[in-house]
Amino acid sequence: MFAIKITDKELLSHLYLNDLVRQEGITNFTLLDDTLISEKVLKGGQISTAESISFSTQSNLNKLVVFTEGLHLQQLTLVTQALSEYLEVAFYRVIQVEGVKGFAVCAYVALKKQDDLRQPLEIVANRFSVELCLVDNTPLLTEPGLLLMDMDSTVIAVECIDEIAELAGVGEQVSAVTAQAMQGKLDFAQSLRTRVACLAGADEAILQQVREALPLMPGVANLVTILKSYNWKVAIASGGFSYFADYLQHRLNLDAAVANDLEIQNSKLTGKVQGDIVDANVKAQTLKLLAEKWAIAPSQTVAMGDGANDLVMMNAAALGVALHAKPIVRQQADMAIRKGALDSLLWVLAAGQA
């Protein structure tokens, strides 16, 4: 066992914690007052981490996954202090996933209250510029699973219909309908059909122009690649359009893509959507059907999205992830990634391992 005083401000920096992880190989540790304590044993001339808490004890604890670029010891201390009314930290474990730059720290915690902690976590995460994900029975990275993602503002960093509308010269009309939908004056199907109607007569070439410029969300390609290396299935369920979802399925090597079909005649948009609308309930049903198709246990399902239309799907999954979402969505999701890249989800899934 070794103990390190961390009262020196320099030792609270990102570089110091990074050195402990990269050079000293620190994995399990505790923070007691101004001291970092890590247990290690010497075996055959090599240093290896000793399990300081039994598996039975660990299984009774929740996991608070903490990460941000440049995570440092002072942030961990301040977060722990700020949440001390709600939880008590037993120990910390460094979480690393091969292929993901950096690391996260998982605090194994005992809850002092059975209150919903999403609001306190939101406040503390914003105050100290960290991501805080409190999870219990997380899907395991090393077991086959299913990740179902929304497309617009989740897999890609734009809303396709807004991009099309701008190029078609009806941006303001579409934005006005979107505003009505956000105010609850239109349901999703009404909103989508009304917005698509504004696009009647637009040239199909606009769709290709938007598709060729689609910006991927940071970390999404890496997330898909690593998940598939662990035998996960990854798919899109979108209230957007198959013209883009099918392209992304091919580009990212996804296993499936479900979205709405725009009607096109003589290389022009007719302003209509073909078939049934992919709405919130269809997204949730897609999660169930794909899990059954690939024989994936419900406990190994994850749904990720940014909007209220994704909440039903997120609630149907074992883990619902709000990505860069509005507060109303973060408050109802199991966890939120407020600013981080999509592949940071891998740390949360890796934290589920014993």
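Modeller: Let's start with the second largest pocket: α1 gives the most to its lining, with three residues. This is a predicted model, where local features need pLDDT of at least 70 and side-chain atom pairs count only at pLDDT 80 or more, while totals for chains, interfaces and linings use all residues. Residues are numbered from 1 along each chain as its sequence is written, and side-chain values use heavy atoms, with hydrogens and water left out.

Colleague: What volume does the second largest pocket have, and which residues are the closest to its centre?

Modeller: About 600 Å³. Of its 24 lining residues, T68, E69, G70, K101 and W347 are the closest to the centre. The elements giving two or more residues to the lining are α1 (14-22) and α4 (118-128).

Colleague: And what makes something a cavity rather than a pocket?

Modeller: On a 1 Å grid over the protein atoms alone, a cavity is a set of points where a 1.4 Å probe fits but cannot get out; a pocket is an open set with protein on both sides within 12 Å along at least five of seven lines, and lining residues have an atom within 4 Å of a point. The whole structure has one cavity of 30 Å³ or more. The largest cavity has a volume of about 50 Å³, and β6 (62-67), α3 (73-82) and β7 (87-95) each supply at least two residues of its lining.

Colleague: How does the lining of the largest cavity divide by class?

Modeller: Into nine nonpolar, one polar and no charged residues. Among those lining the largest cavity are L64, V79, T80 and Y92.

Colleague: Why is α3 called roughly antiparallel to α4?

Modeller: Their axes come within 10 Å and cross at roughly 150 degrees. Angles over 145 degrees count as roughly antiparallel, under 35 as roughly parallel, 65 to 115 as roughly perpendicular and the rest as oblique. So α3 is roughly antiparallel to α4. The contact (heavy atoms within 4.5 Å) is made by Q75, L78, V79 and A82 of α3 and V124, R127 and F128 of α4.

Colleague: Then what makes α5 oblique to α8?

Modeller: The axes of α5 (residues 160-168) and α8 (residues 204-212) come within 10 Å and cross at roughly 130 degrees. That angle is why α5 counts as oblique to α8. On the α5 side the contact is made by E163, I164, L167 and A168, and on the α8 side by I206, L207, Q209 and V210.

Methods: Axes are lines fitted to C-alpha atoms, for helices over the stretch in contact, and angles run from 0 to 180 degrees between N-to-C directions. Helices (H or I, at least four residues) and strands (E, at least two) are DSSP runs, numbered from the N terminus. Grid points are joined across faces, edges and corners, and a volume is the space filled by probe spheres set on the points. Ala, Val, Leu, Ile, Met, Phe, Trp, Tyr, Cys and Pro count as nonpolar, Asp, Glu, Lys and Arg as charged, and the others, Gly among them, as polar.
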